[in-house]
Amino acid sequence: MEMSLRKAVLADSRALAELIRGIGWFHRFDTEDLETTAARIETHLGLCLGDDSHDVWLAEDEQRHLLGYVAVHWLPYLILRGPEGYISELFVEEAARGQGVGQRLLAVVREEGLRRGCSRLSLINFRQRESYERGFYRKAGWSERETGANFILSLMD
């Protein structure tokens, strides 16, 4: 499949909203219209584009149809030799899965992490996700942290 990668711009908010809603995993979107979702994504994307500590990369086909995206945040850790690149989101539309889109998105993050002098990249993959079950990240050279636990404190539903 022919695809290109580029950094997101605010005008991509609606396409991102369509992709995220189309995945069908996030039921909070079931009760709002597409315009509301797109407006929220535009606000969040604007925060990401506001400085050099975040990147959102898009994968598109030849017709500029959005196939997937990755959001990464460059975090300075005082205990590491270099920053950590934390991938908060990596989603590929169902029709494009298994065609190298996710691998290309991971590769661009790795390249940028090396350019920035990062010590490591990290992400969270839920065990019930198909990508975890088929070993997507392991096949890409990532290893699961066996000794860690992921804790959250919800501040908003």
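Biologist: What should I know about the model before we start?

Modeller: This is a predicted model, where local features need pLDDT of at least 70 and side-chain atom pairs count only at pLDDT 80 or more, while totals for chains, interfaces and linings use all residues. Residues are numbered from 1 along each chain as its sequence is written, and side-chain values use heavy atoms, with hydrogens and water left out.

Biologist: What volume does the largest pocket have?

Modeller: About 1700 Å³. On a 1 Å grid over the protein atoms alone, a pocket is an open set of points where a 1.4 Å probe fits, with protein on both sides within 12 Å along at least five of seven lines; lining residues have an atom within 4 Å of a point. Grid points are joined across faces, edges and corners, and the volume is the space filled by probe spheres set on them.

Biologist: How many residues line the largest pocket, and which lie nearest its centre?

Modeller: The lining has 47 residues, and Phe-26, Tyr-69, Ser-88, Glu-89 and Phe-91 lie nearest the centre. Elements giving two or more residues to this lining are α1 (13-23), α2 (34-49), β3 (66-75), β4 (84-92), α3 (101-115), α4 and α5 (136-139). Helices here are DSSP runs of H or I with at least four residues, strands are runs of E with at least two, and both are numbered from the N terminus.

Biologist: Which element gives the largest share of that lining?

Modeller: β4, with seven residues. By class, the lining of the largest pocket has 26 nonpolar, twelve polar and nine charged residues. Ala, Val, Leu, Ile, Met, Phe, Trp, Tyr, Cys and Pro count as nonpolar, Asp, Glu, Lys and Arg as charged, and the others, Gly among them, as polar.

Biologist: And the second largest pocket, what lines it?

Modeller: It is lined by 29 residues, with Leu-123, Ile-124, Asn-125, Glu-144 and Arg-145 nearest its centre. The space in the second largest pocket is about 960 Å³. β5 gives the largest share of the lining, four residues, and the classes are 13 nonpolar, nine polar and seven charged.

Biologist: Where does Asn-125 lie?

Modeller: In the loop between β5 (120-123) and α4 (130-133). The Asn-125 side chain makes a polar contact with that of Ser-131 at 3.0 Å. A polar contact is a pair of N or O atoms within 3.5 Å; within protein, one must be able to donate a hydrogen and the other to accept it, and residues adjacent in sequence count only if both atoms are side-chain atoms. Leaving out residues up to four places away in sequence, Asn-125 touches Ser-131, Tyr-132 and Tyr-137, where contact means heavy atoms within 4.5 Å.

Biologist: Switching to α1. Which residues are buried there?

Modeller: Ser-13, Leu-16, Ala-17, Leu-19, Ile-20 and Ile-23. They sit on the same side of α1, because they cover an arc of only 165° around the axis. The arc is that of the directions from the helix axis to the C-beta atoms. Buried means under 20% relative accessible area, exposed over 50%, and partly exposed in between, with a 1.4 Å probe and protein chains only.

Biologist: What covers the buried residues of α1?

Modeller: The cover includes α2, β2 (54-60), β3 and β4. Just after α1, Gly-24 takes a positive phi of about 80°.

Biologist: Which residue has a positive phi although it is not a glycine?

Modeller: Arg-64 does, at about 65°. Arg-64 is in the loop between β2 and β3 and is exposed, with a relative accessible area of 56%.

Biologist: Glu-112, buried or exposed?

Modeller: Glu-112 counts as buried, at 9% relative accessibility. This residue is in helix α3, and its side chain makes a polar contact with the Arg-116 side chain at 2.9 Å. Not counting residues up to four places away in sequence, Glu-112 touches Asp-55 and Trp-74.

Biologist: And Lys-139, buried or exposed?

Modeller: Lys-139 counts as exposed, at 66% relative accessibility, and is found in helix α5. A polar atom of the Lys-139 side chain lies 3.0 Å from the backbone oxygen of Arg-134.
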